[in-house]
Amino acid sequence: MSDIRAEEQATPEAGLSDFVALLKPRVMSLVVFTALVGVVVAPSGVHPMVAFAALVFIALGAGASGALNMWWDSDIDTVMKRTQRRPVPQGRVAPGEALGFGLALSGLSVVMLGLAANWAAAALLAFTIFFYIVIYSMWLKRTTPQNIVIGGAAGAFPPVVGWVAVTGGLALEPVLMFALIFMWTPPHFWALALFMRDAQGRDDYGKAGVPMLTVTHGRRVTRAHILAYTLALVPVALGAGLTGIGGPLYMAVAVVVNALFVLGAVRIWRRDEETAIADRFAAEKRFFRLSLLYLFVHFGAFLAEAMLAPFGLGGW
Amino acid sequence: MALGRDHELHRRRGGRNAGVALALGALILVVFGLTVAKVERGEPIEAYDHTFRPSLTEYAE
């Protein structure tokens, strides 16, 4: 038998797709979309190439966070059904490789964003990566049931980074875009936590020892929290529509989608576990899918308002 | 056993190499595009180390 065969059996070589998976492409696509909205709605005329480069480096920073998260969380990723197929738990990428890849991409993305746009945006991107890895992954995720609430801030930064990359400063609008994602994250993830169970009905996060609200306070409390955060999200979503990035189109869409979202949250709150198990968490899964649409539709409406503005149709 | 060119291990390494080449090519294109954009706009272009920086003089705007 050749040496190469022996080596292959010991540590299977990672393919390109494994390194792409380390970047969490689905999360990255959401980051790119929200950052794009931040760039487009910002009131400044940067060169399109600068805006494009800023988006590329924000996306790279998000990818770096994904790789660092997979390095740190490889132990719990091995246990959880949802994450078992990731490259590190599967043994295709060594944890050290994921760490090196993530650190290299972090440095590259921050420095290049600073050179391409401005150093305020670069500092904010660096803080976002730090927040996601150190504050959320290393600290909060394994210590408090509020992990998702505070950790949600990491996912809320991209539109702010996009805005700062274009304008060089902050304003009310990017803060409201941040608040929209920040308030949306808990109901989105808690709905997922409600239906992510193995064949024996054991909670995925409970098996991994992650103190998700479903594990520490029970599923009844989680259902109530989903409703509470959804109700708190509504004024943020509607309030953003009254600022410079909103408009009649955004408000019309927001009113409809928020009404549906509240309705879904009330439905989840009113259900007990027996009903949920009987229909295989149909309402929880529907709410989770709606939450994905919720964010897409709101940011899509911001984008539409900005695109229609030159024709005198967007904005108030 | 002779090593075949189409061994699984070579295929994976080849894929990774192609990925690195593509990523580097894309980075070069982005940096070139940025350079063109900044030169077109007449933004300040100056080196940072061991060289005269006009923006630091008292005559700079």
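Which helices of chain A are included in what covers the buried residues of H13(A)? Helix H10 (172–195), helix H12 (213–216), helix H14 (248–270) and helix H16 (282–308) of chain A are among them.

Before selecting anything, note that this is a predicted model, in which local features need pLDDT of at least 70, side-chain atom pairs count only at pLDDT 80 or more, and totals for chains, interfaces and linings use all residues. Residues are numbered from 1 along each chain as its sequence is written, while chains are lettered from A and ligands numbered from 1 in the order in which they are written.

**Stop 1: H13 of chain A**

Select residues 218–240 of chain A, which form helix H13. Helices here are DSSP runs (H or I, at least four residues; strands are E, at least two), numbered from the N terminus. The 23 residues of H13 should span 33 Å at 1.5 Å a residue, and the end C-alpha atoms are 33 Å apart, which agrees. The expected span is 1.5 Å times one less than the number of residues. Buried positions in H13(A) include A:Arg223, A:His225, A:Tyr229 and A:Leu233. A residue is buried if 20 or more other C-beta atoms, placed from the backbone, lie within 10 Å of its own, exposed if 12 or fewer, and partly exposed in between.

**Stop 2: the two domains**

Colour chain A by domain: 15–168 is domain 1 and 171–316 is domain 2. These bounds come from an automatic or database domain assignment. The C-alpha centres of the two domains of chain A lie 21 Å apart. Their contact takes 26 residues from domain 1 of chain A and 26 residues from domain 2 of chain A; two residues are in contact if their C-beta atoms, placed from the backbone, lie within 7 Å. On the domain 1 side, the elements giving two or more residues are H3 (25–41), H5 (74–79), H8 (147–156) and H9 (158–167) of chain A. That side has 16 nonpolar, six polar and four charged residues. Ala, Val, Leu, Ile, Met, Phe, Trp, Tyr, Cys and Pro count as nonpolar, Asp, Glu, Lys and Arg as charged, and the others, Gly among them, as polar.

**Stop 3: H3 against H4**

Axes are lines fitted to C-alpha atoms, for helices over the stretch in contact, and angles run from 0 to 180 degrees between N-to-C directions. Among the residues that meet are A:Val31, A:Ala35 and A:Val39 in H3(A), and A:Ala51, A:Ile58 and A:Gly66 in H4(A). By class, this contact of H3(A) with H4(A) has 13 nonpolar, two polar and no charged residues.

**Stop 4**

Show chain B, which has one helix and zero strands. Of its 61 residues, 2% count as buried. The axes of H4(A) and H1(B) come within 9 Å and cross at roughly 145°. A:Met49, A:Val50, A:Ala53 and A:Val56 in H4(A) meet B:Val30, B:Gly33, B:Leu34 and B:Ala37 in H1(B). These residues divide into seven nonpolar, one polar and no charged. Now pick A:Val56, which is partly exposed, with 18 other C-beta atoms within 10 Å.

**Stop 5: H6 of chain A**

Finish at residues 95–116 of chain A, helix H6. Its buried residues, including A:Phe101, A:Leu105 and A:Leu113, pack against H2 (16–22), H4 (48–72), H7 (119–140) and H9 of chain A together with H1 (8–40) of chain B.
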